[in-house]
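Open your viewer and load the model. This tour tells you what to select at each stop and what you will find there.

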Amino acid sequence: LDWACRLIQHRQDADMPRTIIDTLKSTFNVPDANLRLWDTLPEDANRWFAQPVDETVRQYASDIKTPFCGRVTLQTRNIIEWLANPADIRSAAIIPLSGNDASIPFGLLVLGSPDATRFQNAMATDFLSLIGKLAAASLAHLIKAD
């Protein structure tokens with residue numbers, strides 16, 4: 001609830017992606033976090049969160065229906081590279097960012113930890129899905145309308 005309130009305080013902020021990352025890290029004591037968005041508005045195309053994303057990553061985002069939790073794998077390694085200290089990350093949560101209708105994702109949010117047990121395959125992902133929905137709603141103003 002605290003995290004959602006902090007997002008509401010900064011709604012439609014031009015630097016909402018940074019707000020999401022910083023507040024996730026501080027509110028939930030997440031060691032490392034980052035995100036990438038695609039199909040952003042032209043004026044945001046050169047910003048840090050709109051760096052080019054490989055088509056395989058976009059496909060991965062479309063294929064996962066719930067957040068990924070677990071140890072870093074070969075398939076998730078290129079997403080972990082978005083983090084500040086990717087070599088230190090042993091477990092991660094990767095959360096697709098989609099519109100209200102759970103359409104094709106327009107981004108991914110990644111949380112990483114050097115603790116191999118912080119994010120585990122057996123974890124329930126309901127709370128991470130909620131984080132994804134709140135983050136997506138907060139970032140939707142940066143995405144081109146279809």
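**Stop 1: Colour by confidence**

The chain averages a pLDDT of 89, and 92% of the residues score at least 70. pLDDT is the predictor's confidence in each residue, from 0 to 100. This is a predicted model, so local features need pLDDT of at least 70 and side-chain atom pairs count only at pLDDT 80 or more, while totals for chains, interfaces and linings use all residues. Residues are numbered from 1 along each chain as its sequence is written, and side-chain values use heavy atoms, with hydrogens and water left out.

Select helix α1, residues 2–9: among the elements, this helix has the lowest mean pLDDT, 71. Now select strand β1, residues 32–37, which has the highest, 98. Where pLDDT is low, the predicted coordinates should not be read in detail.

**Stop 2: The whole chain**

Switch to cartoon view. Helices (H or I, at least four residues) and strands (E, at least two) are DSSP runs, numbered from the N terminus. Trace the chain from the N terminus and the order is α-α-β-α-β-α-β-β-α. Along its principal axes, the C-alpha trace spans about 35 × 35 × 30 Å.

Buried means under 20% relative accessible area, exposed over 50%, and partly exposed in between (1.4 Å probe, protein chains only).

**Stop 3: L134**

Select residues 126–139. This is helix α5, and L134 lies in it. Is L134 buried or partly exposed? L134 is partly exposed, because its relative accessible area is 30%. Next, show its partners. Leaving aside neighbours within four places in sequence, L134 is in contact (heavy atoms within 4.5 Å) with W3, A4 and L7. L97 and L134 are 37 residues apart in sequence, and their C-alpha atoms are 9.1 Å apart in space.

**Stop 4**

Most residues other than glycine have a negative phi. Two residues here are worth a look.

Select N29. It sits in the loop between α2 (16–28) and β1. N29 is not a glycine, yet its phi is positive, about 55°. With 61% relative accessibility, N29 counts as exposed.

Move on to D39. This residue lies in the loop between β1 and α3 (55–63). D39 is not a glycine either, and its phi is positive at about 60°. D39 is partly exposed, with a relative accessible area of 42%.
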